[in-house]
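Biologist: Could you walk me through this one before I start looking at it on my own?

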Amino acid sequence: MLIGTSPLNAPGWRQASPSPRAEPTLLSHAVLDDLRDLIGTESFGAFLAQVHADLCAAAEDIARADAAGDFAGLRRHSHAMIGVAGAIGATEVEEVARALNAAARATDIEGTRSRVAVLRRISEALCDEIAWQREGQRPL
Amino acid sequence: MAKGRPASTVSAPAAPPVLLVEDTPSLQMVYEAVLRNAGQPVVSAATGGEGLRRFRETGALVVLLDLILPDRDGLDVMAEMLAARPETRVLVITADGSINRAVEAMRAGAHDFLVKPFDETRLVSSVRNALASVGDAPPGARSAELPGGAFQGFIGSSPAMREIYGRITSISRSLATVFISGESGTGKEVCAQAVHDLSNRAEGPFVPLNCGAIPADLLESEVFGHLRGAFTGAIANKIGAAAAADGGTLFLDEVCEMDLNLQTKLLRFLQTSTIQPVGAATPRKVDVRIICATNRDPAEEVRKGRFRADLFYRLHVVPIHLPPLRIRGEDVIEIAEHVLGQLSDEESKSFTGIEDEVKALFRRHPWPGNVRQLINVLRNAVVLNEGPLVTRAMLPLEMLHFDETGGGAMAEPEPAEPTAAVGGLIGRPLAEIERLVIEETIARYGGVPRAARVLDVSPSTLYRKLAAWEQQQG
């Protein structure tokens, strides 16, 4: 997993352009653009850093709850994952997290296990993408 | 969270701050940004305990409350807030798609229910409505039920319908998407209109659109509109139903008839609150509440792959299932007497009531076409007779035949044993039963147009289903 090292809280960042990545992404760049407009370019780096931290924390919490067979924990942490992924337009991650949430609510062991496996893979990829986005922010 | 046009100001600067109780920091940042951009002061808390403390300190009258918090259940936090200040408007936010949770929250006094992720317009709109309603009667106090079991176009005082009236009243003030299900003729559009009429959007437009009555290739343009020249035959700009409903309610009837491509576009619309008319270069933001309806089992449609699961979760926030007339007890008589009075006036006849024998028949009839079928039976009786009582002789022959044989074919030809016939259907998938009934009706009535009349659907619906089945068979 890539972790950005830039001082993201500093003011005066802008997105690197043009994007060198052409392959399909888990993120919606249109939604990110909207969020940048909403939050402001100066605070957007800090926001991305927080999104990264929240997603990574939720992914780790989900893995821990899965290992412990803790359905309430799976439900709580998948809830956080749905919210954050949904807010940044990461619909694939959001949908798997939503399916995990439903399986946890139904205390469906097989259902949660299969979703946790998929979610682990795609949430890691999403965290990588966000880290890349963060590194794409360059000081003016 | 999608962002479009600058959010409108939601309150005067002197208003008490909105209290946001959300434990995920990045989401807190987004919601705060939306509200501040809309000119609304906001204070935040990350736990239920902190939320209650800030609630007491700030005197907040509008609270955005996540249901799943690290230390407390959100519903318990809401209960404490409402106990302390009943006039508080609590807007519950959650990513938990549990329908029961939404209903539970609304019943417990939530002012609105927002399912994550929601867009900026939805959040601002919800807060604006909540602020505007502060000072009105507390949640749940308003009831639109009239004496005699009448409620916003519905007639009937059965327990099942009273529960429906209560649910409509409690959800109407919300902006949450409502999903109405029920057999054909149970009053789904009446229900949608009632939700709209009791909402804060009652002054706005109510735009119904029957997705099953419009050919698939025209439906996108009907929903989202088109620009002149966008395609052959587009001779003028057309405003779509979604734009026409801006500031009001869009009612999508027979939503399960929508093809998968358009479902994707509808999902995008729900996610972003933006529409892009066919041929337009840029999207446009609209503020629309969605109500949709189907006479199918939507969960089954999802399982069969005919309805997108993600769209289902978006739409199926607050469900209302309208009961069929046959289980509504004395409602059938209340409705019949009410409708008879109306029809008698309309036709300048002198009907004053219904014979007891007919009432008894009405009570035991299964009414497969529900209230619509009952109205048709009465209209037929009133138009062809003078009154003063509706007698058995005035009823359609197929209804009498059904009654005499103990059931079976509603209309013609061969007598059948309904119990046996239904028995043969039990255990089969709903889609298969639908196909059997449609094909049998077409065969019995000699063609699609007559079958469509009997089944009370448009012929285009039947043609489309037949084409889809042929396609499935290759």
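Predicted model: local features only at pLDDT ≥ 70, side-chain atom pairs only at ≥ 80, totals over all residues.

Biologist: OK, what is the secondary structure of chain A?

Modeller: Chain A has five helices and two strands, in the order β-α-α-α-α-α-β along the sequence; helices (H or I, at least four residues) and strands (E, at least two) are DSSP runs numbered from the N terminus. Of the 140 residues in chain A, 46% are buried, a residue being buried if 20 or more other C-beta atoms lie within 10 Å of its own, exposed if 12 or fewer, and partly exposed in between, with C-beta atoms placed from the backbone.

Biologist: And how many residues does each chain give to the contact?

Modeller: Chain B gives 22 residues and chain A gives 23 residues, where two residues are in contact if their C-beta atoms, placed from the backbone, lie within 7 Å. On the side of chain B, helix 1 (25-37) and helix 12 (309-315) are the elements that give two or more residues, and helix 1 of chain B gives the most, with eight residues.

Biologist: At what angle does helix 1 of chain B pack with helix 2 of chain A?

Modeller: Helix 2 (residues 41-67) of chain A and helix 1 of chain B pack at about 140° with their axes 8 Å apart; axes are lines fitted to C-alpha atoms, for helices over the stretch in contact, and angles run from 0 to 180 degrees between N-to-C directions. From helix 2 of chain A the contact uses A:Phe47, A:Gln50, A:Val51 and A:Asp54, and from helix 1 of chain B it uses B:Pro25, B:Ser26 and B:Met29.

Biologist: Switching topic, in what order do the five strands of the open sheet in chain B come?

Modeller: The order is 2-1-3-4-5, with parallel pairing, and two strands pair if DSSP finds at least two bridges between them. Strand 2 (42-45) and strand 5 (112-115) of chain B are at the edges with a single partner strand each, so one side of each has no neighbour in the sheet.

Biologist: Which residues touch the most other members of the largest nonpolar core?

Modeller: Those are B:Val63 and B:Leu91, in a core of 150 residues, a nonpolar core being a set of buried Ala, Val, Leu, Ile, Met, Phe, Trp, Tyr and Cys residues joined through C-beta atoms within 7 Å. Helix 2 of chain A supplies the largest share of this core, 10 residues.

Biologist: Is B:Glu386 buried or exposed?

Modeller: B:Glu386 counts as exposed because it has 10 C-beta neighbours inside 10 Å, and its place is the loop between helix 15 (370-384) and strand 19 (389-390) of chain B. B:Glu386 and B:Lys349 are 37 residues apart in sequence, with their C-alpha atoms 5.8 Å apart in space.

Biologist: Last one, where is A:Arg36?

Modeller: A:Arg36 is in helix 1 (residues 29-39) of chain A and is partly exposed, with 19 other C-beta atoms within 10 Å. Leaving aside neighbours within four places in sequence, A:Arg36 is in contact with A:Thr41 and A:Phe44.

Note on methods: Residues numbered from 1 in each chain as written. Chains lettered and ligands numbered in written order.
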